[in-house]
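Please brief me on this protein model.

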Amino acid sequence: MEERIFRSFTNNILRSSRMGFHGVCGFGYLFLGLILSVVIRFSEAGFTSSYLRSNEVSGDMPFDSDVFRVPSGYNAPQQVHITQGDYEGRGVIISWITPHKLGSNSVTYWADNSKIKKTAYGVIRRYKFFTYTSGFIHHCTIKDLLFDTKYYYELGTGNTTRQFWFATPPKPGPDVPYTFGLIGDLGQTEDSNRTLTHYELNPLKGQAVLFVGDLSYADRYPNHDNTRWDTWGRFVERSVAYQPWIWTAGNHEIDFVPAIGETVPFKPYENRFFTPYKESESTSPLWYSIKRASAHIIVLSSYSAYGTYTPQYKWLADELQKVNRSETPWLVVLVHCPFYSSYTHHYMEGETMRVMYESWFIKYKVDIVFAGHVHAYERSERISNIAYNLVNGNCSPVTDDSAPVYITIGDGGNSEGLVTDMTQPQPAYSAFREGSFGHGILDIKNRTHAYFGWHRNQDGVAVEADSLLLINRFWKHSAATSFAAV
């Protein structure tokens, strides 16, 4: 059964139960089936949005902006952020910076329903970049937490103590509902602030963010001014201190500048943002995997070696075989550079990685691939381009029911502005495209169904400019049986 765009009524049916289709009434099934038949019939062509937006590029917010405010108290912890700290979801990495002195490297934490407080201790990093010297970067990994539990945590001492909270995910399982936010290419402009605010106000309330790369854009400043890493860390703290952001590295994280003596790629990024890469037996923090609720998430690095027999290649080959679709049915890939994009900017930059890995995505029935890099939004049909050989000459994408949907969501608000120039006519593989800033929501219902919505910044917080009902590639026959039984 094909997946197509769904709006209003379909959306309401899906959200009538957090357990999705298992909890929807028979009338909901019947009406949804009727909508499917109508939408499939009239949605064969791709859609290019005619929405009009300002073409002005929004500059970075000034240093005295309130979103960059330094917390009160000398040497108070700042730039607090968390990410998943293990493979299963019972761990968290808490990171922060003390700008002037070492300060305390401990985290005090406790469960919402407990008075017992525990203390964990972290490691400390510091780095230099040209004339810049970072503050003291603390990373504390806490493991063996309870699933599906709210925890509070405190950093700092005395009058600089700061308190935050987070919630661990449910135990991995096939019908565990979970909601992810999708953000990419964020930067720190007025548009960036609109994107983050729009996400925070979204009534679906994402529980974790899948971030597809390009964070601070500090490399756009002379000598890659690393003070812009500090402002970005304070800017996003209001979200990432309370819910994990799953990090993907983009081209703006490379920071390779031999002209000023900086020859270690990803130096600021790797010092500031830890990932649980060793938990998935990766050899690099730039590619790794986690399980979270009913999703198995694989993070790839577009800007590390990925050819045959490279460490990333061999790790991915092993990791895909480990995915247990009976435990985590939703297989999601994050990568910065898109495999499919019909925008002229960065056109086909992801082609070599696509050639290397696309056949694996088909073989293992990846459900969805999220990318950034192109500063716009685009959603593909389920297509593949793996049939080519020197004899047949087949080098065009074709419909493939085992293929993932490819979504480009590099529209966070960065200072380089939007991309609006598109290849014409719209390729058959492109289902929807629009050059606007925004964010996405992936709302997993159960093992068979999930719902994706793209939210344009200019719209109301509950409005979806594009949306799609996703049917799990591994469990699609089970989904079809459910519909047939109605």
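A cavity is a set of grid points where a 1.4 Å probe fits but cannot get out. By that test, a search of the whole structure turns up 5 cavities of 30 Å³ or more. The model is predicted. Its chain has a mean pLDDT of 90.

**Confidence**
- Of the chain's residues, 88% reach a pLDDT of 70 or more.
- Residues 5-44 are another matter: pLDDT stays under 50 there.
- For that stretch, the model has 74 contacts beyond four places in sequence.

**Largest cavity**
- The volume of the largest cavity is about 60 Å³.
- Its lining counts 13 residues, and Gly91, Val92, Phe166, Pro244 and Arg292 are the closest to the centre.
- Two strands, E2 (78-84) and E11 (162-167), each supply at least two residues of this lining.
- E2 gives the most, with 3 residues.
- By class, the lining of the largest cavity holds 7 nonpolar, 5 polar and 1 charged residues.

**Largest pocket**
- The largest pocket holds about 420 Å³ of space.
- It is lined by 19 residues; Met348, Glu351, Arg354, Asn385 and Cys395 are the closest to its centre.
- The lining of the largest pocket divides into 13 nonpolar, 3 polar and 3 charged residues.

**Helix packing**
- Two packed helices are described by the angle between their axes and the distance between the axes.
- Helix H3 (residues 190-201) packs against helix H4 (residues 227-240) at an angle of about 10 degrees, and their axes are 11 Å apart.
- H3 is therefore roughly parallel to H4, because angles under 35 degrees count as roughly parallel.
- On the H3 side, the contact is made by Ser192, Asn193, Leu196, Thr197, Tyr199 and Glu200.
- On the H4 side, Phe235, Val236, Arg238 and Ser239 make the contact.
- By class, the contact of H3 with H4 has 4 nonpolar, 4 polar and 2 charged residues.

**Backbone details**
- Which form does the peptide bond from Gln424 to Pro425 take, cis or trans? This bond is cis, with omega near -5 degrees.
- Pro425 sits in the loop between strand E22 (405-409) and strand E23 (430-434).
- What is the phi of Phe130? Phi of Phe130 is near 55 degrees, a positive value in a residue other than glycine.
- Phe130 lies in the loop between strand E7 (128-129) and strand E8 (132-133).

How values were computed: Residues numbered from 1 in each chain as written. Predicted model: local features only at pLDDT ≥ 70, side-chain atom pairs only at ≥ 80, totals over all residues. Heavy atoms only, no water. pLDDT = per-residue confidence, 0-100. Contact = heavy atoms within 4.5 Å. 1 Å grid on protein atoms, 1.4 Å probe; cavity = no way out; pocket = protein on both sides within 12 Å on 5 of 7 lines; lining within 4 Å. Points joined across faces, edges and corners; volume = space filled by probe spheres on them. Helix = DSSP H or I, 4+ residues; strand = E, 2+ residues; numbered from the N terminus. Nonpolar A, V, L, I, M, F, W, Y, C, P; charged D, E, K, R; others polar. Axes fitted to C-alpha atoms, helices over the stretch in contact; angles between N-to-C directions. Parallel < 35°, antiparallel > 145°, perpendicular 65-115°, else oblique.
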